[in-house]
Amino acid sequence: MKNTIYYFLLVLFVFNLSVVFGQVGINTTSPDASSALDITSASKGVLLPGLTTLERNAIINAANGLLIYNTDTGEFQFNSSTTTTPFWEAFNSTPTVTASPGESVKYSNTDVATNVNQDTAINLPVFGAVNWNDNTSLYTVNTTAHTLTINETGRYRLVINSSLFTNSNENRLAPQMRITVNGVQVGTFGSTGYIRINNGHQESSLHINEVLELTIGDVIAVDIAGEAERVWLI
């Protein structure tokens with residue numbers, strides 16, 4: 001009787017090890033060696049969690065690579081950033097409903113009085129005069145908050161060129177700017193090096209050129225910050 005009990009416990013122990021350390025196969029006895037999970041079916045698919053944008057944004061510490069299906073936008077999205085600052089991207093670009101290739105909008109600033117070189121980042125006041133807008137349905141601009149809200153999901157190219165000047169000679173100022181999506185900084189930095197009146201260095205420029213997958217409701221802005229001296233757009 002003792003031998004029988006001992007053998008039974010040994011079998012259970014070995015079985016548990018195979019579950020913990022082996023691949024998991026559903027409807028298959030030979031899961032692929034490169035997979036942690038191998039699901040086989042000739043008539044059914046895999047249904048991932050479907051979340052609204054609000055439900056997605058409420059996920060706490062979303063892991064890098066976490067995958068969901070956004071029921072608001074009708075697309076699979078994954079977190080391509082960190083747990084503290086998640087950025088949700090679609091797997092593939094979703095063509096906009098009304099856009100055609102080459103359509104664009106250009107804004108020129110009319111605010112030359114705001115100091116854009118502050119300790120705390122502010123939205124760059126770039127939405128002043130409209131030079132042209134090929135499709136007014138793609139985005140909505142808030143000229144007070146200096147933001148642009150996306151109205152149609154798709155792939156967008158954002159080009160920001162800002163010319164700066166200062167009348168301060170106290171420091172070597174180095175303002176930087178970066179695109180934000182829903183308040184989260186994304187993409188590359190634009191940096192001036194340094195700028196000051198001394199030796200004719202009072203003017204400089206910042207440049208960003210980014211292509212982003214954006215979804216309906218995304219709010220776009222351009223953050224700018226630096227040392228707390230006086231720098232203006234020109």
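**Reading the strands, patch and rings**

Modeller: Strand S1 (24-26) and strand S2 (37-39) each supply at least two residues of the nonpolar patch. Strands are DSSP runs of E, at least two residues, and helices are runs of H or I, at least four, numbered from the N terminus. This is a predicted model: local features need pLDDT of at least 70, side-chain atom pairs count only at pLDDT 80 or more, and totals for chains, interfaces and linings use all residues. Residues are numbered from 1 along each chain as its sequence is written, and side-chain values use heavy atoms, without hydrogens and water.

Colleague: Which residues form the nonpolar patch on the surface?

Modeller: A patch takes residues with over 30% relative accessible area and no salt bridge; nonpolar side chains (Val, Leu, Ile, Met, Phe, Trp, Tyr) are joined within 5 Å, like charges within 9 Å. A salt bridge puts a side-chain nitrogen of Lys or Arg within 4 Å of a carboxyl oxygen of Asp or Glu. Here the members are Val24, Ile26, Leu37, Ile39 and Val46. Together they have about 420 Å² of accessible area, by the Shrake-Rupley method with a 1.4 Å probe, where only the protein chains shown cover a residue.

Colleague: Is isoleucine 26 buried or partly exposed?

Modeller: Buried means under 20% relative accessible area, exposed over 50%, partly exposed in between. Isoleucine 26 lies in strand S1. Its relative accessible area is 38%, so it counts as partly exposed. In the whole protein, buried residues make up 29% of the 234 residues.

Colleague: In what order do the four strands of the open sheet run?

Modeller: Two strands pair if DSSP finds at least two bridges between them. The order is S3-S4-S5-S6, with mixed pairing. Strand S5 (residues 75-79) pairs with S6 in the antiparallel sense, over three bridges. There, glutamine 77 stands opposite alanine 90 in S6.

Colleague: How many aromatic pairs does a search of the whole structure find?

Modeller: Rings of Phe, Tyr and Trp (its six-membered ring) pair with centres within 6.5 Å; planes under 30 degrees apart are stacked, over 60 edge-to-face, the rest tilted. The search finds three. One is tyrosine 69 with phenylalanine 76, edge-to-face, 5.1 Å centre to centre and 65° between the planes. Tyrosine 69 is partly exposed at 29%, and phenylalanine 76 is partly exposed at 39%. Another is tyrosine 107 with phenylalanine 127, edge-to-face at 5.2 Å and 90°.

Colleague: Where do tyrosine 107 and phenylalanine 127 sit in the chain?

Modeller: Tyrosine 107 is in strand S7 (residues 105-108). Phenylalanine 127 is in the loop between strand S8 (122-123) and strand S9 (129-133), 20 residues apart from tyrosine 107. Phenylalanine 127 is buried, at 14% relative accessible area, whereas tyrosine 107 is partly exposed, at 22%.

How values were computed. Buried < 20%, exposed > 50% of the residue type's maximum accessible area, 1.4 Å probe, protein only.
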